[in-house]
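Here is a short tour of a protein fold for someone meeting it for the first time. Take a look at the sequence and the model, and then we'll walk through them part by part.

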Amino acid sequence: MSQTDPSNMSRRQQMVETYKLTKQSDPKIGLLLAAIFVVVAAVAGVIFWLLPGEGIFSWIFTVVGALLAGTFAALLVFSRRAQKVMYSRLEGQVGGGYAALTMLRRGWTVTQAVGVEPRSQTLVHRVVGPPGVVLVGEGTSPSKVRSLLASTKRNHSRVLADAPITTVIAGNGDDEVPLPQLTKHVTKIGRKVAGPEITDILNRLKAVDATRGTMPIPKGPVPTSMKGMRGNLRGR
């Protein structure tokens, strides 16, 4: 794996890299975060100081509370700005949908490019979780995305029997889901299978993946996984 993949970085490295990428598109992010920290810390400090108490413990409580409040507010704003920048960088890139899907929490298994049409740069990614199987297509030609989704769904249906399979198209057109809303859309499909059924689905899918082999991903600036950065982008 590449050393530039966020999942290979320490938490500090992830924060630094996320900040650098955000600053490229949002040059004033540093001044904004500093201003938010100062304002929120000052307001929180006044509030804590007015609470009952006196002596050294009151001072410590006020200072610590103000610093924590300012830091939390700055991180919250940073996570929102960083998320907006990250998704804007993914727009129009080959594999942008996969990078967005890696933001899903634990309990979801995301597989890149289970369906590929190299010439049209059309991809289908697979998500396995509470809704069963979700196939997410992306590409520049809606008709080719739908065609590849249909053929990929047929291939999966042969080994999954009655397991639910849902198809989604990532994009900004009609009946498509924009990248910033993709993970939320997938999670809102709802629970259709239980834990043991998910394990059974994953085991059956090994047969599909074995026959599929290694498929060539279209050439282009394929984004790396955002999984390692998702805590930073969510403000945690």
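## The overall layout

What pattern does the protein chain follow when it is read along the sequence? The pattern is α-α-α-α-β-β-β-α-β-α-α-α. That gives the protein chain eight helices and four strands, where helices (H or I, at least four residues) and strands (E, at least two) are DSSP runs numbered from the N terminus.

A word on where this comes from: the model is predicted, so local features need pLDDT of at least 70 and side-chain atom pairs count only at pLDDT 80 or more, while totals for chains, interfaces and linings use all residues. Residues are numbered from 1 along each chain as its sequence is written, and side-chain values use heavy atoms, with hydrogens and water left out.

Of the 236 residues of the protein chain, 42% count as buried. Here buried means under 20% relative accessible area, exposed means over 50%, and partly exposed is in between (1.4 Å probe, protein chains only). As for contacts (heavy atoms within 4.5 Å), take those in the protein chain with a separation of 6 or more: residues 24 or more positions apart account for 65% of them.

## The sheet

Now for the strands. An open sheet of four strands runs in the order β1-β2-β3-β4, and its pairing is mixed. Two strands count as paired if DSSP finds at least two bridges between them. β1 and β4 (165-169) stand at the edges with a single partner strand each, so one side of each has no neighbour in the sheet. On average, neighbouring strands of this sheet are turned by 25° against each other, direction ignored.

Let's follow the sheet strand by strand. β1 (residues 109-117) and β2 (residues 122-129) run antiparallel and are joined by six bridges; one of the paired residues is T109, whose bridge partner in β2 is V128. The two strands form a hairpin with four residues between them, and Q121 in the turn has a positive phi of about 55°. β2 then pairs with β3 (residues 132-138), also antiparallel, through seven bridges. There, G129 stands opposite G132 in β3.

## The helix across the sheet

Which strands does α5 lie across? It lies across β1, β2, β3 and β4, running at about 165° to β4. For that angle, axes are lines fitted to C-alpha atoms, for helices over the stretch in contact, and angles run from 0 to 180 degrees between N-to-C directions.

Helix α5 (residues 142-160) has 19 residues, which at 1.5 Å a residue should span 27 Å; its end C-alpha atoms are 26 Å apart, which agrees. (The expected span is 1.5 Å times one less than the number of residues.) After α5 comes A161, whose phi is positive, near 55°.

The buried residues of α5 are V145, L148, L149, T152, H156 and L160. Looking down the axis of α5, they fall within an arc of 105°, so they line one face of the helix; the arc is that of the directions from the helix axis to the C-beta atoms. The face turned away from this buried side carries the exposed residues S143 and R158.

Leaving out residues up to four places away in sequence, T152 touches V114, G115, V124 and L135.

The structure holds three aromatic pairs. Rings of Phe, Tyr and Trp (its six-membered ring) pair if their centres lie within 6.5 Å; planes under 30 degrees apart count as stacked, over 60 as edge-to-face and the rest as tilted. One of the pairs is Y19 and F78, which is tilted, at 6.2 Å centre to centre with 40° between the planes. Y19 lies in helix α1 (residues 11-25) and F78 in helix α3, so this pair ties together parts that are 59 residues apart in sequence. Y19 is partly exposed at 30% relative accessibility, while F78 is buried at 4%.

Another pair, F48 and F61, is edge-to-face, at 5.1 Å centre to centre with 80° between the planes. F48 sits in helix α2 (residues 29-50) and F61 in helix α3, 13 residues apart. Both are partly exposed, F48 at 22% and F61 at 45%.

Also in helix α3 (residues 56-90) is A69, partly exposed at 21% relative accessibility. Not counting residues up to four places away in sequence, A69 touches V40 and A44.
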